[in-house]
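Colleague: I would like to learn how to read a model like this one, feature by feature. Could you take me through it?

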Amino acid sequence: MTKQLLNVVGQSVHRRDGMGHVTGRTTFVDDIQFRDMLYLKMVRSPVPHARIRGIDFSEAEKVPGFVRALTHRDVPKNIYTILCLIGVGPDEEPVLAEDRVLYKGEQIAAVVAESEEAAVEAASRVVVDLEELPAVFDVEEALKPDAPVLKPWGTNYFIYDYEYGQSNPCRKVRFGDVEKAFAEADYIVEGRYQMSPIEHAPTETTGCVVKPEPDGRYTVYTNTQALFFTLDNSALILNIPFNKLHFVGGTVGGGFGGKVDVIVEPIAILAAMKTGRPVKYVFSREEEMRCSSTRGAWRMYFKDGVMKDGRIIARKVTTYADAGAYNRHTPYAVTKHAANVAGPYSIPNVWIDAYCVYTNRQPGSAMRGFGVTPASFAVEVQMDRIAHTIGMDPWELRFINAYRNGDVRPHRKVVEDATLIETMKAAAQLVGKELPEHLLAMNSWDREGGHHG
Amino acid sequence: MAKHRGVGMAAVNYPTGMNLGGDPSQALIHATTTGTFVITLSSTDLGQGLKTVIAQIGAEALGVPFENVLIDTADTDTGPHCMGTFASRATHRVGNAVIRAAEEARKVMFEVASEELEVAPEDLETDGQGNIRVKGSPEHSINIVDLALAAHFKYGKTISGRGMYIKPKSEVDPDTGAMDPDSTEAHACTVAEVEVDDETGEVKVLSIKSAYEIGRQVNPKLVEGQIQGGSLMGMAHALYETTAPYYPAIDHAPGGFNEYIVPGPQDQPEIESVVLEYPSVNGPFGVKGVGEMTANSPIPAIINAIHDAVGVWITELPATPEKILRALEEKRKEEERGAE
């Protein structure tokens, strides 16, 4: 590529909003106030799995400042799934719980009141009559025949490929013949890896303020990471024309994937529609941590066939994403995971089964690294275990197996922007790691011997 | 009982963008009569500096000073569609859309300048300082404020452009998993050095040193911000953070920062990095993306460093003192069994 002469791309100009951030003058959603604004708080499930027998608002209604409550009956299209916009289905998550709750912290009913204190107080006085049900928390337990069934279609896993007339319990990648290669391998190296769920921990918690406008539209001030995505989902849930909604975002106080779920906006818009007044719904820190989505936990099993010279000739991976109670973004994360869980290496035989599993846990969803972070963790620890098993320097093992431009990855995509070898060389230089000549001679454009694997 | 040092490495790829439903973003550009070029979007800035880097890309593509470019974003009534800020996609997708919009706006700029300077449009160039000048004859030039005024009041032209970038939807083959799920690959290689206390199980990360290859740096300081933040986030993921301390059990879920452990200033290791630039085939000015992956490579590098230090594989995150002590105890028992 010819060197381009650039003026400002490549320059560390000061960020435009930097002064506002460091002097506390940037306006965030929680700073927005309207004179007659109401506050929305949620009644949440105290248990991970239960049947709802009834809800009693009578004590809540006595709280001074109580305005009204909302239940699933108020939500026009209560059952949704966020990724319906890209064809993922079926719908399976309630905006507000109907007859069952599937995780501790799930939204059951909303209370709107004149002040935040009144909303908190009223929500705490709502009595939900629950019949607790057996819960399942472990992804592999959830797939056993005796596990409580969480989904209306009768399985605790997402069904892939229904759009192709198939019903697959997992996302599959098949490349070459792993079993034949295992038979030829000098070593078999196996590993089990468990990614933990973590909190996005944004400085600004998820929230929105909805203002009814005189022209019959609704302005939604929100810190979503995806304005139109959230607008479209909200309009579908509320069964109103898309152009009734006007979303305004701006600088978000940290997203990390935690603000691509569509949780606060639909119910806050509904509350504004029902009351004709501005409504604020902002998560407390506790709600952000205990109720909103986390990084999905992930369990991964690896079996690799390796030759004495370090070539990995087969990789068989079975992985289970813990979606928690609902889809959110996990079905898609699993597909992205499947495309990356063989790692940035050229392995001629790969077999992957990647499951999206439901449990009675707080939903997992999008987070920085989305399906790839668990893959990179497992792959890279597995690489060191292989190196340790066969007695090879971990750097050398990675150089030998690194993908090159022109290689075909297990999901059949031709590699065209690979620089793994150059990146490893730069890191080695940075830390003073001396690499042998035959590794330094490698690059990402030519495979030794002149042919691509 | 002793403290043991260990070094571990990890090398990772990171894909840019999503596209299993198609991945589009749009941008509109227009010049006001003040010589300001307004880039209108509906993309959100998560604090990573999107508004700044898109203004840089816009200024570069238009050939005008950074100060003359204004980002008007995050309003669905005025801004054209953007899928959102995630999947390390924003700089790549929105940047590409802005470049296309800028090409259209530049065409009008050159048409107007051609009239004003009485030379053919192909004989003109921008100087990046706010002027359009005649190639080889820089004293013949027109300032963009005068140009914008002339376009509007004299020639009845709008200096504007529409830009669109879409990565088309990729189907996934149900039988083989064949798919095209992303646009380009960035890379990272991290070397972590740790000190493990075999009495308390505590891990102290001494340094996180990494090389990154991210196509093109639009703003090196903002890239450095991602590297610093991502390195710490990865370290926290490896050692401290979880919403379920006894996963998969849901007990003891933290409800605030008193209970949810994140690293503090005292835990900050030495963080050092180098950034390589191998321009991508499809990113704006070769951009790949750095948003997400900086948190990924430190995790396995630290786990591998722990093994190097004390000889145990901690394969369930986070690597808490409890897990390390239990693994060390198991290792001792195995060694005793082996000695018998």
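Modeller: Gladly, beginning with secondary structure. Helices (H or I, at least four residues) and strands (E, at least two) are DSSP runs, numbered from the N terminus. Chain A has 13 helices and 19 strands. This is a predicted model, where local features need pLDDT of at least 70 and side-chain atom pairs count only at pLDDT 80 or more, while totals for chains, interfaces and linings use all residues. Residues are numbered from 1 along each chain as its sequence is written, and chains are lettered from A and ligands numbered from 1 in the order in which they are written.

Colleague: What box do the C-alpha atoms of chain A fill, and what percentage of its residues count as buried?

Modeller: Along the principal axes, the box is roughly 80 × 65 × 40 Å. A residue is buried if 20 or more other C-beta atoms lie within 10 Å of its own, exposed if 12 or fewer, and partly exposed in between, with C-beta atoms placed from the backbone. By that rule, 54% of the 453 residues of chain A are buried.

Colleague: How should I read a sheet?

Modeller: Strands of a sheet pair through backbone hydrogen bonds, either parallel or antiparallel. Pairing here requires at least two DSSP bridges between two strands. One case in chain A is an open sheet of 3 strands in the order β6-β2-β8, with antiparallel pairing. Its edge strands, β6 (100-101) and β8 (127-132) of chain A, each pair on one side only. Strand β2 (residues 50-56) of chain A is joined to β6(A) by 2 bridges, and A:Arg51 stands opposite A:Arg100 in β6(A).

Colleague: Now a helix: is α11 of chain A mostly covered or mostly open?

Modeller: Mostly covered: 6 of the 8 residues of α11 (residues 394-401) of chain A are buried. They are A:Pro394, A:Trp395, A:Leu397, A:Arg398, A:Phe399 and A:Asn401. The cover includes β17 (312-324), α10 (372-390), α12 (420-431) and α13 (437-440) of chain A, together with β1 (3-15) of chain B. For contacts, the test is that C-beta atoms, placed from the backbone, lie within 7 Å.

Colleague: Where does A:Ala402 lie, and why does it count as buried?

Modeller: A:Ala402 is in the loop between α11 and α12 of chain A. It counts as buried because it has 27 C-beta neighbours inside 10 Å. Leaving out residues up to four places away in sequence, A:Ala402 touches A:Pro344, A:Tyr345, A:Leu420 and A:Ile421. A:Tyr345 is 57 residues away in sequence, yet 4.5 Å away in space, C-alpha to C-alpha.

Colleague: How many residues does each chain give to the contact between A and B?

Modeller: Chain A gives 103 residues and chain B gives 100. For classes, Ala, Val, Leu, Ile, Met, Phe, Trp, Tyr, Cys and Pro count as nonpolar, Asp, Glu, Lys and Arg as charged, and the others, Gly among them, as polar. The side of chain A has 47 nonpolar, 30 polar and 26 charged residues.

Colleague: And which residues touch the most other members of the largest nonpolar core?

Modeller: A nonpolar core is a set of buried Ala, Val, Leu, Ile, Met, Phe, Trp, Tyr and Cys residues joined through C-beta atoms within 7 Å. Among the 241 residues of the largest one, A:Val111, B:Ile302 and B:Ile306 touch the most other members. Helix α2 (residues 90-117) of chain B supplies the largest share, 14 residues.

Note on methods:
Two residues are in contact if their C-beta atoms, placed from the backbone, lie within 7 Å.
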